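Subject: Structure for you, with notes

Hello,

Here is the structure I promised to pass on. My notes follow below it.

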Amino acid sequence: MSQSDRGLRRLAAGTLLAAFQGTTAPTWVLRELEYGLGGVTLFGFNVAEPGQVRELTTALRAAGEPVISLDEEGGDVTRLAYHVGSPYPGNAALGAVDDAELTRSVYRAIAAELASCGVNLNMAPSADVNTEADNPVIGTRSFGTDAELVARHTVAAVRGLQTGGVAACVKHFPGHGATRVDSHLAVPVVDVGLDVLRARELAPFRAAIGAGARSVMTAHVAVPAVTGDSPATLSGAALTGLLRGELGYDGVVVTDALDMQAITKSVGLAGGAVLTLAAGADLLCLGPLPTYDDIQAIIEGIVAAVREGRLPLARLEEAAERVAALRAWFGAPHEPAAEQNGVGLHAARRAVRLTGAPEPLVEPLVIEVDTPPTIAVGDVPWGVGPWLPDAEIVRVGPEAADVPVLLAKAANRSLVVVVKDAHRHQASQDLVSALVAARRDTTVIEMGLPVWRPGSAAYIATYGAARPNAQAAVELLGTP
């Protein structure tokens, strides 16, 4: 391979954020970092405990100057606490409190944890305005339904992260909040005019750019007024015209995972990589599915596109310059980590809402209504069991639940029903309604968005299913 060929391959590899299985770095990852791989994205399967993550990131840094990223949003979406649940409430809870300083403090605490583990880019916060209640992928990941509220908390989150030396990645541009389709599975459509888009979806991104966000993540959503039928990730009109041009953003543009079906089922991994680079992206998150062979094919596809004139070499060089500036920012002085003990529980307690008055608990039976996890969240533990050690906890699927059997089990006992986004699942509503109709003294705890409410004696809304949300809810239950 000639020197020019090696230089081109290095530029191509430098745009990629690869993923890998396991809690140690494979040899191929370390080798590719030496050959210019841009960095890695970590997932829950890469995490055992903080010390192990630190050893992993130290090994990665020994091989190059990688961007080391993950999704640590707090709330339902966590990677560091994937196996136990996040110690921080998510955006919906913070938006319910609506104290920007509290939001900054929570994200500052997240930054301290990430920095101590060697992570330098957090794919957060979600700046999506969740105007569609049936949104299958955003929901509690959003600060709320009001663009101004989302904007001010997005700014607070960006400042909290970046004060701690961790780059924010504001997502999902140009907005995933008005969708009813999960872009992991297909291409959602945000069919609004430019006036609505500018006033609603773009407002938080405009604010985040003004606050100095170091990176912005693209969404695999089509906005016909801007992108036609194409997802924004592949659209020059969205990334270069709207984000770079109209909003004046000159930081790093990161793609959402290219292994999502919105991309793979349309143009494929290598095709998507070339198209998003041509559209204006700088770092391509590949997601957890591509193998080493896939990554080689993506690099080869980018190199071939440059040689064939489908992708300007100058576009790769521009991407490299932006990522180099991000790396320089990583190395600049930042404030030392401050102690943030208890901020997660404090925030969750301020967010939780109680309607009615729970009866004192008597040998409580807790029925947790199982809810299928989204791909973004994964199989993160949730529920109130850790804070009700003397209760009997029954986890049921709503379709298979036997109401008479459950009611018989609850006879002469307190009945607590825990749900998650019941408004999105008719079977969950039917089960809860049947239980409440028979037991008007039931307490219902909603650990998703409190859109649908049954007529129970007491109703507790937590705005999220993280550990502190559950603890804050249990503290409101009637004590013996």
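Start at F173. Leaving aside neighbours within four places in sequence, F173 is in contact (heavy atoms within 4.5 Å) with L202, F205, V216, M217, T218, A219, A232, A238, L239, L242, L243 and L247.

Before the rest, the ground rules. This is a predicted model, in which local features need pLDDT of at least 70, side-chain atom pairs count only at pLDDT 80 or more, and totals for chains, interfaces and linings use all residues. Residues are numbered from 1 along each chain as its sequence is written, and side-chain values use heavy atoms, with hydrogens and water left out.

Domains

The assignment, which is automatic or from a database, gives domain 1 (3–331) and domain 2 (352–475). Their C-alpha centres lie 34 Å apart. Across the boundary, 28 residues of domain 1 are in contact with 23 residues of domain 2.

Cores

A nonpolar core here is a set of buried Ala, Val, Leu, Ile, Met, Phe, Trp, Tyr and Cys residues joined through side-chain atoms within 4.5 Å. Buried means under 20% relative accessible area, exposed over 50%, and partly exposed in between (1.4 Å probe, protein chains only). The largest such core has 115 residues. L16, F173 and I302 have the most contacts inside it. Helix 5 (residues 100–117) gives this core its largest share, eight residues. Helices (H or I, at least four residues) and strands (E, at least two) are DSSP runs, numbered from the N terminus. Both domain 1 and domain 2 supply at least three residues to this core. Apart from it lies another core, of 19 residues, including A348, V416, A465 and A470.

G95 sits in helix 4 (residues 91–97). G95 is buried, with a relative accessible area of 7%. Not counting residues up to four places away in sequence, G95 touches F143 and L149. T374 is 279 residues from G95 in sequence and 21 Å away in space, C-alpha to C-alpha.

Helix 18 (residues 467–474) is mostly covered, with six of its eight residues buried. These are P468, N469, A470, A472, A473 and V474. Their cover includes helix 4, helix 15 (343–351), strand 13 (443–446) and strand 14 (458–461).

In helix 15, the buried residues are V343, G344, L345, A347, A348 and A351. They pack against helix 4, helix 5, strand 9 (353–356), strand 14 and helix 18.

Pockets

Pockets and cavities were found on a 1 Å grid over the protein atoms alone. A cavity is a set of points where a 1.4 Å probe fits but cannot get out; a pocket is an open set with protein on both sides within 12 Å along at least five of seven lines. Lining residues have an atom within 4 Å of a point. Grid points are joined across faces, edges and corners, and a volume is the space filled by probe spheres set on the points. For residue classes, Ala, Val, Leu, Ile, Met, Phe, Trp, Tyr, Cys and Pro count as nonpolar, Asp, Glu, Lys and Arg as charged, and the others, Gly among them, as polar.

The largest pocket holds about 520 Å³ of space. Its lining has 29 residues, and F43, R79, H184, P288 and I375 lie nearest the centre. By class, that lining is 15 nonpolar, eight polar and six charged. Domain 1 and domain 2 each contribute at least three of the residues lining the largest pocket.

The second largest pocket has a volume of about 280 Å³. Of its 18 lining residues, R10, G14, G36, L37 and R327 are the closest to its centre. Helix 14 (313–331) and helix 1 (3–13) each supply at least two lining residues. The largest share, six residues, comes from helix 14.

Cavities

There are three cavities of 30 Å³ or more.

Best wishes
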